[in-house]
Amino acid sequence: MTRGRSGLGVNVQIQRLRPMVSAVLEWTDQEQQVARRAFDKAHSRAAIGIIRAVQAHANRMDSVEECWKLHDFLSIQRHEIEGRFDFRLPGLLFVFASLVKDGLLQVEELEGLERDKLNKITAMSRM
C-alpha cells in the first residue's frame with residue numbers, strides 16, 4: 001500500500017499539533033484543584049444571580065401569567081446552567097473563558113494554572 005503526498009502531509013501536521021493539544025489537555029492535580037475551586041465559585045455566583053432575579057420577579061407577581069413567566073425563566077436558566085457548567089477537562093478552558101467574559105469569574109481566581117492555559121483563557125474571553 002502506498003501513501004499519497006496528501007496523506008503524509010496530514011500526518012506531519014498532526015505531529016506538529018500534538019504538543020499544543022497535549023499541553024492544553026494535561027492537567028496536574030494542583031491545576032484540577034484550582035480549576036474546581038474557581039468553577040464552584042462561578043457556579044455559586046450564577047446561582048445567586050438566578051435567586052435574586054427570582055426573588056425580584058416574585059415580589060412583582062400579581063397574576064397567574066406572571067407565575068408561568070417565572071416558570072419559563074427558571075426552565076431557561078436551568079438549561080443554560082446545566083449546559084454551561086461542564087467540568088470536563090478537555091473543554092474547561094472554553095468554560096472558563098465564557099465565565100470570565102460574563103463576569104462570573106476573574107482570571108486572578110485561576111492563578112495556579114499553567115501560564116499557557118491562563119493566556120488562552122484570557123485571549124478567548126476577549127472574543
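## The model

This is a predicted model: local features need pLDDT of at least 70, side-chain atom pairs count only at pLDDT 80 or more, and totals for chains, interfaces and linings use all residues. Residues are numbered from 1 along each chain as its sequence is written, and side-chain values use heavy atoms, with hydrogens and water left out.

## Overall layout

The protein chain has 5 helices and 0 strands. Helices (H or I, at least four residues) and strands (E, at least two) are DSSP runs, numbered from the N terminus. Read from that end, the elements run α-α-α-α-α.

Of the 127 residues, 28% are buried. Buried means under 20% relative accessible area, exposed over 50%, and partly exposed in between (1.4 Å probe, protein chains only). The chain exposes about 9000 Å², and carbon and sulfur atoms supply 56% of that area. Accessible areas come from the Shrake-Rupley method with a 1.4 Å probe; for residues, only the protein chains shown count as cover.

Contact means heavy atoms within 4.5 Å. Among contacts with a separation of 6 or more, 67% join residues 24 or more positions apart.

## The nonpolar core

A nonpolar core is a set of buried Ala, Val, Leu, Ile, Met, Phe, Trp, Tyr and Cys residues joined through side-chain atoms within 4.5 Å. The largest one here has 27 residues. Those with the most contacts inside it include Phe85, Phe96, Leu99 and Ile121. Helices H2 (29–60), H3 (64–84), H4 (92–101) and H5 (115–125) each supply at least two residues of this core. H2 gives the most, with 8 residues.

Leu99 is in contact with Ala42, Arg84, Phe85, Leu104 and Leu105, leaving aside its neighbours within four places in sequence.

## Helix H2

H2 has 32 residues, which at 1.5 Å a residue should span 46 Å. The expected span is 1.5 Å times one less than the number of residues. The end C-alpha atoms are 47 Å apart, which agrees.

The buried residues of H2 include Glu31, Phe39, Ala42, Ala46 and His57. The buried residues of this helix pack against H3, H4 and H5.

## The aromatic cluster

Phe39, Phe85 and Phe87 form one aromatic cluster. The structure holds 2 aromatic pairs. Rings of Phe, Tyr and Trp (its six-membered ring) pair if their centres lie within 6.5 Å; planes under 30 degrees apart count as stacked, over 60 as edge-to-face and the rest as tilted. The rings of Phe39 and Phe85 have centres 5.5 Å apart and planes at 80°, so this pair is edge-to-face. Phe39 lies in helix H2 and Phe85 in the loop between H3 and H4, 46 residues apart.

The rings of Phe39 and Phe87 are also edge-to-face, with centres 5.1 Å apart and planes at 75°. Phe87 lies in the loop between H3 and H4, so its pair with Phe39 in H2 ties together parts 48 residues apart in sequence. Phe39 is buried at 5% relative accessibility. Phe85 is buried at 12%.

Leu118 is in helix H5. Its relative accessible area is 1%, so Leu118 is buried. Leaving aside neighbours within four places in sequence, Leu118 is in contact with Val107, Leu110, Glu111 and Leu113.

Lys117 is also in H5. Lys117 is buried, with a relative accessible area of 0%. A polar atom of its side chain lies 2.7 Å from the backbone oxygen of Glu26.

Note on methods:
A polar contact is a pair of N or O atoms within 3.5 Å; within protein, one must be able to donate a hydrogen and the other to accept it, and residues adjacent in sequence count only if both atoms are side-chain atoms.
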